[in-house]
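Here is a short walk through one protein model, from its overall outline to single residues. Keep the sequence and the structure in view while reading.

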Amino acid sequence: MKTIRILILEDDIETLSVLLNKLSLLEKELEESLSPRDLSVITLSEYTQVEEYINKNQKFNFDVVLLDRDCKVGG
């Protein structure tokens, strides 16, 4: 089964819960489709985490990246 890798940078818990709820619905649809796929989701809340965890480790490849426009940390 192919895995769709998703990175989310979001510091607002309410927004993150909406995103994860929608991804849950999508995951159910993908599981029942003719070509089933799985979702792998990484969530981070600060842009510094992205810099440390993702940017410095080039082995990570994502199919979808969702970035918060107004990160509270200011990045």
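Predicted model: local features only at pLDDT ≥ 70, side-chain atom pairs only at ≥ 80, totals over all residues.

**From the sheet outward**

I4 has L39 of strand 2 opposite it. Strand 1, residues 2–9, and strand 2 run parallel and are joined by eight bridges.

These two strands belong to an open sheet of three strands with parallel pairing, in the order 2-1-3. Strand 2, residues 37–44, and strand 3, residues 64–67, stand at the edges. Each edge strand has a single partner strand, so one side of each has no neighbour in the sheet. From one strand to the next, the twist averages 15°.

Two helices pack on this sheet. Helix 1, residues 13–32, touches strand 1, strand 2 and strand 3. The direction of helix 1 makes about 165° with that of strand 2. Helix 2, residues 47–55, touches strand 1 and strand 2. For helix 2, the angle with the direction of strand 2 is about 120°.

With these elements located, the whole chain can be described. The protein chain has two helices and three strands, and along the sequence they follow the pattern β-α-β-α-β. The C-alpha atoms fill a box of roughly 40 × 30 × 15 Å, taken along the principal axes. Among contacts in the protein chain with a separation of 6 or more, 72% are between residues 24 or more positions apart. The accessible surface of the chain comes to about 5,500 Å², and 50% of this surface belongs to carbon and sulfur atoms.

The next topic is the interior. Of the 75 residues in the protein chain, 21% are buried. Which residues make up the largest nonpolar core? There are seven of them: I4, I6, I8, L16, L23, L30 and L39. The elements that give two or more residues to this core are strand 1 and helix 1.

Leaving aside neighbours within four places in sequence, L30 is in contact with I4, S35, P36, R37 and L39. A second, separate core has five residues, including L7, L9, L44 and V50.

One of the contacts of L30 is S35, which lies in the loop between helix 1 and strand 2. S35 has a relative accessible area of 41% and is partly exposed.

Is D12 buried, partly exposed or exposed? Its relative accessibility is 28%, so D12 counts as partly exposed. D12 and S45 are 33 residues apart along the chain, and their C-alpha atoms are separated by 7.9 Å.

The aromatic rings come next. A pair of aromatic rings is described by the distance of the centres and the angle of the planes. The count of aromatic pairs comes to two. In the pair of Y53 and F60, the ring centres are 5.0 Å apart and the planes stand at 35°, so this pair is tilted. The rings of F60 and F62 have their centres 6.3 Å apart and their planes at 15°, so this pair is stacked. Planes under 30 degrees apart count as stacked, which is why the angle of 15° for F60 and F62 gives that label.

Together, Y53, F60 and F62 form one aromatic cluster. Y53 is partly exposed, with a relative accessible area of 41%. F60 is partly exposed at 24%, and F62 is partly exposed at 22%.

The last stop is the loop between helix 2 and strand 3, where N61 is found. N61 counts as exposed, at 58% relative accessibility. In sequence, N61 and I42 are 19 residues apart, and in space they are 12 Å apart, C-alpha to C-alpha.

Technical notes: Residues numbered from 1 in each chain as written. Heavy atoms only, no water. Pairing = 2+ DSSP bridges. Helix = DSSP H or I, 4+ residues; strand = E, 2+ residues; numbered from the N terminus. Axes fitted to C-alpha atoms, helices over the stretch in contact; angles between N-to-C directions. Contact = heavy atoms within 4.5 Å. Core = buried A, V, L, I, M, F, W, Y, C linked by side-chain atoms within 4.5 Å. Buried < 20%, exposed > 50% of the residue type's maximum accessible area, 1.4 Å probe, protein only. Areas by Shrake-Rupley, 256 points an atom, 1.4 Å probe, with all protein chains shown as cover. Phe/Tyr/Trp six-rings, centres within 6.5 Å; stacked < 30°, edge-to-face > 60°.
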